[in-house]
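I keep these entries in the order in which I looked things up. The structure comes first, then the notes.

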Amino acid sequence: MSWGINLILILMVTGAVAWGFRFAGQRVTGNKPFYRDMPFAIAFGYVFAVVVIVGAMLYYFQPIDNKSVPASGVVFFRWAVQGFMGFAIAAYLFRLIGRHVGTEGTRKLFRTMPLTAAFGILVIIIYAVFSIFAGAIAPFGQEEIFANANIVPGGNPLLGGNPEFPLGTDQIGRDIYSRLIYGAQNTVGIAFATTCLAFFVGGSLGFLASIVGGWLDQLLSRAVDVLMAIPALIFALLLMTIASVWSNQLGIDRTMFMILIIAMIDSTRVYRLSRAVGQNIVVMDYIEAAKLRGEGMGYLIFKEILPNAMAPLLAEFGLRFCFVFLTIASLSFLGVGIQPPLADWGTMVKDLSQFINFAAFAPNVATAPLLAASAIALLTVAVNFVVDWMLHKSSGLKE
């Protein structure tokens, strides 16, 4: 029987059980409002969630030697569940410690913090520690090459591993674990510097346009409209291709060109936000009072407008960091970003992607490219969790 027919049967049975669940709830509770006012879609959702959980548990405990189920799928699913549970427990403990350790302000912050935000902050702290102290944490250098190449992750000699290289080595014999750590320093560090530059340029020009207005506002806004009309990744790829030629002629590192190019492209998005926020602030009475006192442009921007625009800008900083981070990884994957021998997660995914072909019969081998891809995905999810929490706090909404 095909998967389509099985899915239809499962949905039909789930719908019937959902109707029975709602009907039984109304009769047992004496038609109380919870079941009486429950839409069928909500009842279906409850039952479907139970079906998914039971199915996931059955799949998790599926024997590896079962010929009807791909062994690689079961292995990767188990790793995903174990990783999810491990991170959930770590985030809960981190939030619990934060509620009892620290200043009164931090303890209050942790008491109101959802578990997703605690997870995001914990991941960001771990990435920051690995980025800052990469040289001390990594067992080997990012450029160091060993005689044994293509060592399987896991460290089991019976499966082609080596305890000295717990995550294996790549095609030319470089330690993947060390390169992952240095990749955090290179990819995340460069993304953070690029985002800061984009916010300085875009935010300053946006606030300046909102204060001055007139021809300056029109000139900057139309220039930004032209730049935003071009797809960001394609524009960055085109400029990086040109910069690769200039870097050789001028003797300037290509990474510097990449920082400037991505910062210029992303500053247009920051400009639009800062200009819109600034226009709502410059009409306030305290801005007029500052102008009457004779305050200069710098004072108005950094002392009056910026403090009142901090909440939306901080939220945008997190989102913009994710976009910059993914753009750098994409450019490196395409071969025009961070250049070897520097370690970069996008380049690692590209270089190790061929090992995915071995997933069907050797799941450990296929984890090599997934490590760098997971590092990218994990940081992106963590930053988005924190940004979502910050947006919720700045909106004034309550749980």
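Entry 1, Asp-217. I listed what Asp-217 touches, not counting residues up to four places away in sequence, and found Ala-209, Tyr-271, Arg-275 and Gln-279. This is a predicted model, and I read each contact with that in mind.

Which residues of α9 are buried? I noted Leu-216, Asp-217, Leu-220, Ser-221 and Val-224. Looking down the axis of α9, I see these buried residues fall within an arc of 115 degrees, so they line one face of the helix. Turned away from the buried side of α9 is a face with the exposed residues Gly-214, Trp-215, Leu-219 and Val-226. I also looked for what covers the buried residues of α9, and the cover includes α8 (176-212) and α11 (254-281).

The largest nonpolar core has 45 residues. Met-258, Ile-328 and Trp-345 are those with the most contacts inside it. I checked which helices supply at least two residues each to this core, and wrote down α6 (115-132), α8, α10 (232-250), α11, α14 (310-333), α15 (345-352) and α16 (363-395). The largest share, 9 residues, comes from α16. Another core lies apart from this one; it has 14 residues, among them Phe-199, Ile-211, Ile-301 and Ile-305.

Leaving aside neighbours within four places in sequence, Trp-345 is in contact with residues including Tyr-127, Arg-179, Leu-180, Gly-183 and Phe-325. Ala-372, Ala-375 and Ile-376 are also among the contacts of Trp-345.

Entry 4, the loop between α7 and α8. I looked up two residues here. Asn-150 lies in this loop and has a positive phi of about 60 degrees although it is not a glycine. I noted the value because most residues other than glycine have a negative phi. Asn-150 counts as partly exposed, at 39% relative accessibility.

Gly-141 is found in the loop between α7 (134-137) and α8 as well. Gly-141 has a relative accessible area of 26% and is partly exposed. Leaving aside neighbours within four places in sequence, I found Gly-141 in contact with Ser-178 and Tyr-182. I also took the separation between the C-alpha atoms of Gly-141 and Met-57: it is 41 Å, and the two residues are 84 residues apart along the chain.

I counted 16 helices and 0 strands. Of the 399 residues, 38% count as buried. The C-alpha atoms fill a box of roughly 75 × 75 × 45 Å along the principal axes. Among contacts between residues at least 6 apart in sequence, 65% join residues at least 24 apart. The chain exposes about 21,700 Å², and carbon and sulfur atoms supply 71% of that.

Key: Residues are numbered from 1 along each chain as its sequence is written. This is a predicted model: local features need pLDDT of at least 70, side-chain atom pairs count only at pLDDT 80 or more; totals for chains, interfaces and linings use all residues. Side-chain values use heavy atoms; hydrogens and water are left out. Buried means under 20% relative accessible area, exposed over 50%, partly exposed in between (1.4 Å probe, protein chains only). The arc is that of the directions from the helix axis to the C-beta atoms. Contact means heavy atoms within 4.5 Å. A nonpolar core is a set of buried Ala, Val, Leu, Ile, Met, Phe, Trp, Tyr and Cys residues joined through side-chain atoms within 4.5 Å. Accessible areas come from the Shrake-Rupley method with a 1.4 Å probe; for residues, only the protein chains shown count as cover.
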